[in-house]
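The following note sets out points for a colleague who is reviewing this entry. Please read each one beside the coordinates.

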Amino acid sequence: MRRAMKKNRAYNIGILINTTLLFFLVVVMFACEDMIRDNFLILEEVAEFEYTIDTDDVNYNETESVNLQSIINDLDSDVEDISFYNFTLQVTNTYETPLNTEISGTIRVKQSSDSQYEPIVNFTNITLEEFQTERSIFSDELTGISLVSGGVAYLIDLYDQQPAPTLDFNVRGTIDRNGEGQNTTFDFTVRVYSQFETDP
Amino acid sequence: MKISNRLSLSTLICILVVCMSTSANAQNQFEDAIEQFESESVTGYLQPFLNGFGANLNSGFAGTAKLENELVIRLEAVGMATLIGGAEETFKAIPPAPFNQQKVETATIFGDQGATVTGAEGIQYKYQNGVFDLDYFPLAVPQLTIGNYYHTQVKLRYFGYTGQDDVPDIQLLGFGIQHGLTQYFGQLPLDLSVALFYQQFKIGDIIESDAFAIAGMGSKEFGILTIYGGVQYEKTQMDLNYTRSGSSDIENSQVDLTFDAENSIRGYAGLGLDLSIVHIRTDINIGNVSVLSASIGFGI
């Protein structure tokens, strides 16, 4: 009789705990239901190209490529839209090159399958020292950087293309050593800041 | 009897699966959205979340100030909710360079579409979209109350989930102590108590939140009905620690910051029903953030 009562009490306690947990889980489920918006998630990426200029010539000319599709594949999400919102230039290493060395040039872009480059930005007589700070081509804080009409729109169009293309970014120009004739070595880094709208 | 047990167990399992799958999706999107922000903007994006979360976490501790020296063991499910209005859906942020450095209104984590700013040559920057679509921000926690020894009882809150696949670890650990004051005052028209609570909540490696509250409470019993109320000072902090996605500056891509919830003082009032081993209570909390809380508990 006593054993049966104990068994009954244990069963009732079990039911109570079970009911409490059930209530807790129902509350959690109610809270979870339909709480997530059907919005795109925006992921940011930076495509960075480092051109190593190492020449005793007056001219330099280097090209780097970026495969936008491979970036998309790395994101592991369904990408609905790609765009870029900043484009910067920076000299990241000067080695033994004097900082008053001036460089001029043009950044150009094309789809890898095309033959014709489209210029995006020109820069004229900018010292390596001034370029040691990352400079946006859209900022007017440094004179000597000028956007080429239609160039940015062309790049925006390339980013809009489906499927995402491979892009060649070319930098070419001249070096003014201020009368000194030594070899010039520096790393010139171009960064394209992009946003990817993804369907989570 | 066996059939009812099986039904009950299968219901639990179904609910658990639904909840885990839903929260897994939320968790990834939640963390991914946060990791896109630099430290200047992430606090604005998350402030309404911390306000609601902190206000919820600091709710529903106790339903009576009467703590007589008798055995109390009670397991409760405590649910809380804060209202999400238009003010919680937007915040003002300064766009990144090279865009015009004027504040724009954009979505918080409770908002809808993020703002889009347009700069030179037609370039555009789009702010992160909102993640949660809520009219109210709910939270539910299990709470165990054990007492009363020297008119004192302790309260424990614990919830743990060990991460699998893309779902990070989630852990809530809370501890509270409530002490009855009526004994010190002789005859009083109502019972009085004071309480201290500390809770810690972790989500993966990104978010850690601490909540602290100190409360003064009064209550009056009318048979099975208890009317209670009180005032509470509270402080909730959130620590964020993550590496910002999409940053070219490796040295400055680490975000490590702490910010506070905006609610600090609240008043609350509620009703409780003691039906033998079943205990039900509900209260409303008024402060910078208003909270409704309700609980059902079983025990003595």
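Predicted model: local features only at pLDDT ≥ 70, side-chain atom pairs only at ≥ 80, totals over all residues.

1. Two strands are taken as paired if DSSP finds at least two bridges between them. Strands S6 (residues 136-147) and S7 (residues 152-161) of chain B run antiparallel and are joined by four bridges. Together S6(B) and S7(B) make a hairpin, with four residues between the two strands. In the turn, B:Tyr150 has a positive phi of about 55°. Across this pair, B:Leu144 stands opposite B:Leu156 of S7(B).

2. S7(B) also pairs with strand S8 (residues 170-180) of chain B; ten bridges join these two, and they run antiparallel. Here B:Val154 faces a residue of S8(B), as B:Ile177 stands opposite.

3. H2(B) is mostly covered, with 16 of its 19 residues buried. At B:Leu46, H2(B) bends by about 45°. A proline, B:Pro48, follows within four residues of that bend.

4. Which residues have the most contacts inside the largest nonpolar core? They are A:Phe87, A:Phe123, A:Phe169, A:Phe188 and B:Leu46, in a core of 97 residues. Helix H2 (residues 39-57) of chain B gives the most to this core, contributing eight residues. As general background, nonpolar side chains in soluble globular proteins tend to be buried together.

5. The surroundings of A:Phe169 may be examined residue by residue. Neighbours within four places in sequence aside, the contacts of A:Phe169 include the aromatic residues A:Phe49, A:Tyr51 and A:Phe87. A:Val66, A:Val109, A:Ile120, A:Leu155 and A:Val192 are also in contact with A:Phe169.

6. For chain A as a whole, the assignment gives three helices and nine strands. Their order along the sequence is α-β-β-α-β-β-β-β-β-α-β-β. Of the contacts in chain A between residues at least 6 apart in sequence, 80% join residues at least 24 apart.

7. Chain A has 200 residues, and buried residues make up 46% of them. The accessible surface of chain A is about 10,200 Å², and carbon and sulfur atoms account for 45% of that area.

Technical notes. Residues numbered from 1 in each chain as written. Chains lettered and ligands numbered in written order. Heavy atoms only, no water. Buried < 20%, exposed > 50% of the residue type's maximum accessible area, 1.4 Å probe, protein only. Contact = heavy atoms within 4.5 Å. Areas by Shrake-Rupley, 256 points an atom, 1.4 Å probe, with all protein chains shown as cover. Core = buried A, V, L, I, M, F, W, Y, C linked by side-chain atoms within 4.5 Å. Bend = angle between axes of the 7 residues up to and from the residue.
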